[in-house]
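Colleague: I have a model open and some questions about it. Can you take me through it, one point at a time?

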Amino acid sequence: MGADHDDRHHAPDPHGRALRLGIGGPVGSGKTALTAALCRTLGPTLRLAVVTNDIYTTEDADFLRKAGVLDPERIAAVQTGCCPHTAIRDDIAANLDAVESLEERFGPLDLVIVESGGDNLTATFSRGLADRQIFVLDVSGGDKVPRKGGPGVTTADLLVINKTDLAPMVGADLTVMSRDAAAVRDGKPVLFTSVRQEPEAHAVAEWVMGLIHAWTYEHAHGSTAPAAT
Ligand SMILES: Nc1nc2c(ncn2[C@@H]2O[C@H](COP(=O)(O)OP(=O)(O)OP(=O)(O)O)[C@@H](O)[C@H]2O)c(=O)[nH]1
C-alpha cells in the first residue's frame, strides 16, 4: 500500500447508496465503544452495517459481534497489515470492497460505519471512502490534546471527546478542551461523551440522524436541505 500520496480519490456519487461514516482517532479513545453505541441506538431505526479495521486481528469486529449490537453478518473486518491511516486514506481498496460487499448483501442500507484502527492526530479518511467523519479523542491524554490540532481534530465533521468520567482522575479540564477545540474547528461541532456511563451515546446518535436526513434529502431533491430555522 502506498503511504505517501495525498488523497487523490474522487468523492463518490452520493446518489442511491448508504451514507458512509468514518470513525477515527487515537488508539483506545473509544471508537469501538462509540460504534457499538451507535449500533445500539440507531440499529432499531436504520438499516446499518459496520466495517472495522485492525492491523493484525479482527478484535474490534469480534467485540461488536459478541456485544450483540448488530446482526454479526453485517459486521465485516478488514485486516490492514499496515498503519491504519494508509488503509483509510491512501489505499482504500480493501475498505471499499468491504463496504460494497455489505451493500450488495444487505442493501439497500441507510448507513455504513467504517471504524479505523487507532492512529495519530493526522489520521483522516479519504473522501472516496467516507462521506462524513467523526474523530474520537479521550480525556486520558490530558486536556492539551485538542489545542495540538492536526487534521483529525480540525477537519472532522464531528469531534467527540470521550471518557469524560475519567476527567477528574487525570486532571483534565473539560472547559479548556471545549474552548481549545472550538478555537481550531471553525464552528464545526464538538460533543463530550462517556460511553461507559451512557452506552447509547444519544447526542452523537442524534447528530448522525441529522446527517442521514440531509443525505436522504439530497437524494430526493438533488440539492442540500434548507437550514433549519
Ligand atoms: N472509563 C471509560 N472507559 C471507556 C469509555 N469508552 C471506552 N472505554 C474503554 O476504553 C478502552 C478502549 O475502548 P475501545 O472502544 O476499544 O477504543 P478504540 O478506540 O476502539 O481502540 P483501538 O481500536 O484499539 O484504537 C476499552 O477498555 C473501553 O471499555 C468511556 O467513556 N469511559
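Colleague: Which residues does UniProt list for "binding site"?
Modeller: Keep in mind that this is a predicted model. The UniProt entry is unreviewed.

Colleague: Is Gly 25 buried or exposed?
Modeller: Gly 25 sits in the loop between strand S1 (19–24) and helix H1 (31–42). Leaving aside neighbours within four places in sequence, its contacts are Lys 31, Gly 118, Phe 135, Val 136, Leu 137 and Gly 152. Because Gly 25 has 29 C-beta neighbours inside 10 Å, it counts as buried.

Colleague: And Lys 31, buried or exposed?
Modeller: Lys 31 is found in helix H1. Beyond four places in sequence, it contacts Ile 23, Gly 25, Glu 115, Ser 116 and Val 136. There are 28 other C-beta atoms within 10 Å, so Lys 31 is buried.

Colleague: Which residues are closest to the ligand?
Modeller: The ligand is surrounded by 18 residues. They divide into 4 nonpolar, 9 polar and 5 charged. The closest are Lys 31, Thr 32, Ala 33, Gly 118 and Arg 196.

Colleague: Which element gives the largest share of the shell around the ligand?
Modeller: One of the closest residues is Lys 31. Lys 31 is found in helix H1. The largest share of the shell is 3 residues, and it comes from H1.

Colleague: How far apart are the end C-alpha atoms of residues 21–191?
Modeller: An unreviewed UniProt entry places "domain: CobW/HypB/UreG nucleotide-binding" at these residues. Over this stretch the chain is 39% helix and 20% strand. Its end C-alpha atoms are apart by 16 Å.

Colleague: Why would residues three or four places apart point the same way?
Modeller: It comes down to the helix repeat. An α-helix has 3.6 residues a turn, so residues three or four places apart point the same way. In H4, the buried set is Asn 95, Ala 98, Val 99 and Leu 102.

Colleague: What covers the buried residues of H4?
Modeller: Look away from the exposed face first. That face carries Ala 93 and Glu 104. The cover over the buried residues includes S1, strand S2 (48–54), strand S3 (75–79), helix H3 (84–90) and strand S4 (111–115).

Colleague: How far apart are Asp 91 and Leu 129 in space?
Modeller: Asp 91 is in the loop between H3 and H4. It counts as partly exposed because it has 18 C-beta neighbours inside 10 Å. Asp 91 and Leu 129 are 38 residues apart in sequence, and C-alpha to C-alpha they are apart by 10.0 Å.

Colleague: Which peptide bond is cis, with omega near 0°?
Modeller: Most peptide bonds are trans. Pro 108 is found in the loop between H4 and S4. The cis bond runs from Gly 107 to Pro 108.

Colleague: Which face of H8 do its buried residues line?
Modeller: H8 (residues 174–185) reaches 16 Å from its first C-alpha to its last, close to the 16 Å expected at 1.5 Å a residue. Met 177, Asp 180 and Ala 181 are buried in H8. They fall within an arc of 100° seen down the axis, so they line one face of the helix.

Colleague: What covers the buried residues of H8?
Modeller: On the other side of H8, Thr 175 and Ala 183 are exposed. The cover over the buried residues includes helix H5 (145–148), helix H6 (151–155), strand S6 (158–162) and strand S7 (190–192).

Colleague: What is the phi of Lys 163?
Modeller: Lys 163 is in the loop between S6 and helix H7 (167–170). It counts as buried because it has 25 C-beta neighbours inside 10 Å. Its phi is positive, in a residue other than glycine, and is near 65°.

Colleague: Is Asp 186 buried or exposed?
Modeller: Asp 186 is in the loop between H8 and S7. It has a positive phi of about 50° although it is not a glycine. With 8 other C-beta atoms within 10 Å, Asp 186 is exposed.

Definitions and conventions: Residues numbered from 1 in each chain as written. Predicted model: local features only at pLDDT ≥ 70, side-chain atom pairs only at ≥ 80, totals over all residues. UniProt positions renumbered as here; feature names shortened; annotations may be inferred. Helix = DSSP H or I, 4+ residues; strand = E, 2+ residues; numbered from the N terminus. Buried ≥ 20, exposed ≤ 12 C-beta atoms within 10 Å, placed from the backbone. Contact = placed C-beta atoms within 7 Å. Expected span 1.5 Å × (residues − 1). Arc of directions from axis to C-beta. Near = placed C-beta within 6 Å. Nonpolar A, V, L, I, M, F, W, Y, C, P; charged D, E, K, R; others polar.
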